Amino acid sequence: MFGQSRYFRQFLQNNWRDLYRVAYVWTHDSQLASDLVQETITRCLKHRQKFENEKQLKVWLFKVMSNCWHDHFRRQKNNVELDSVDLYSSTNLEEEYYRLQVMKHVQQAFEVLKSDYREALSLVVIEGMSYEDVSQVLDIPIGTVMSRVSRARSRLKELMKDVHLNDELATNVWSIK
Amino acid sequence: MSKENTVSFEELNYFIDGQLTRSERAKILDALKKDDVLSKSMCELQRNNEFVQLSYSHIPEPDQNPYLTATKRSGRQLFAIAASLLILLSSTISWQLQSYLMNNQQPNIMELSQLGDALPKSNKVLIHVSEMDDKRIKKALDTTEELLTNNKQVRVEIIANTSGLSLLRKNSPYAARISSLSNQYSNVKFKACGIAMQAAKLKEGKEINLLPEAEKVPAALDEILHHLKENWAYFKA
């Protein structure tokens, strides 16, 4: 069984960064994102016997993380939703000003999106998943994925108008990329 | 969008996300050629996608590898508590440093290439190594040597944290160079971040040994903050 094999652990080890990136988009908090990935991996290891289809493993991985994330919200339902944007880390003390401005603007725009929209769009844009995979990860019909992605982009378009206005800013972004 | 090309916003999304069949894609490509408004809308969508991808391409690294932490979690409660304390300590110091930098308009923070402009103004130079990047480390060590050779009054400290800690570990590829600098000049110090050492210890499951020339400090960021307050010139290698 694949879940029992050493490849399973290897797969988790190779993919934690992808999980972390999406977790960060969902949470905008590096510590919470790290905790979410840890919890996801712990659950995957605990229920490893359930993993049989190697091809669908990545979808399963994100599905487990989505469940962990929604469990977190259920536990936190009496609290205000986390809204802190931590753009700082010890390794980027001197990140270029313009790049930070763009990142901040885009991340803030992304954070304003409804959680449902943010989850769907991040899996498509950041993780490059197909709508079908996203529908499995989030356990929603594919039509709902399509409408969430479309609405999320429409909202993002309004929120990111200011970024486009500043050509100098955009120039700096591309040069770094 | 013009009336004859009835491509909806939703369809543009499906196109951009590669969710259409070949014939559906061809139809949209054809419409894009004919309709400037549609084409502009598509460019905007594409650009927003790239902005989002770019914005999340440099996110803060987790303090610890979540995979290793998860796999070691069971039976390692004490380590988990220690790690939490480290993260808390690190976050607090980071926050302090950030506040300091925001409130003090970053007077001494420069790139290593700007060193020439800054040198006459300061005889205290702190070089921060946070990556094990050979090119940057060579530049940092060359600059240090140049400084020490040309200015007897200067004090230089090289401080290493995160993956830059490897510079000062016992098996460092730069051990000979560091030893030579340290033997030749009394006004150079090498400092290793205690938090990075503890994180490496948890990750590797063994004690972290430093070069004899290196001194362990509780936290690199705390040290940097302290030096900035003392008007040291700070350079990121």
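**View 1. How much of chain A is tucked away.** Buried residues (under 20% relative accessible area, with exposed meaning over 50% and partly exposed in between, using a 1.4 Å probe and protein chains only) make up 51% of the 177 residues in chain A. Keep in mind that this is a predicted model, where local features need pLDDT of at least 70 and side-chain atom pairs count only at pLDDT 80 or more, while totals for chains, interfaces and linings use all residues. Residues are numbered from 1 along each chain as its sequence is written, chains are lettered from A and ligands numbered from 1 in the order written, and side-chain values use heavy atoms, leaving out hydrogens and water.

**View 2. The helices of chain A.** Chain A has 9 helices and 0 strands (DSSP runs numbered from the N terminus: H or I of at least four residues for helices, E of at least two for strands). Follow the sequence and you get α-α-α-α-α-α-α-α-α.

**View 3. Contacts across chain A.** A contact means heavy atoms within 4.5 Å. Take the contacts in chain A between residues at least 6 apart in sequence: 71% of them join residues at least 24 apart.

View 4. Over residues 77-83 of chain B, pLDDT stays under 50, and the model has 3 contacts beyond four places in sequence for them.

Conventions:
pLDDT is the predictor's confidence in each residue, from 0 to 100.
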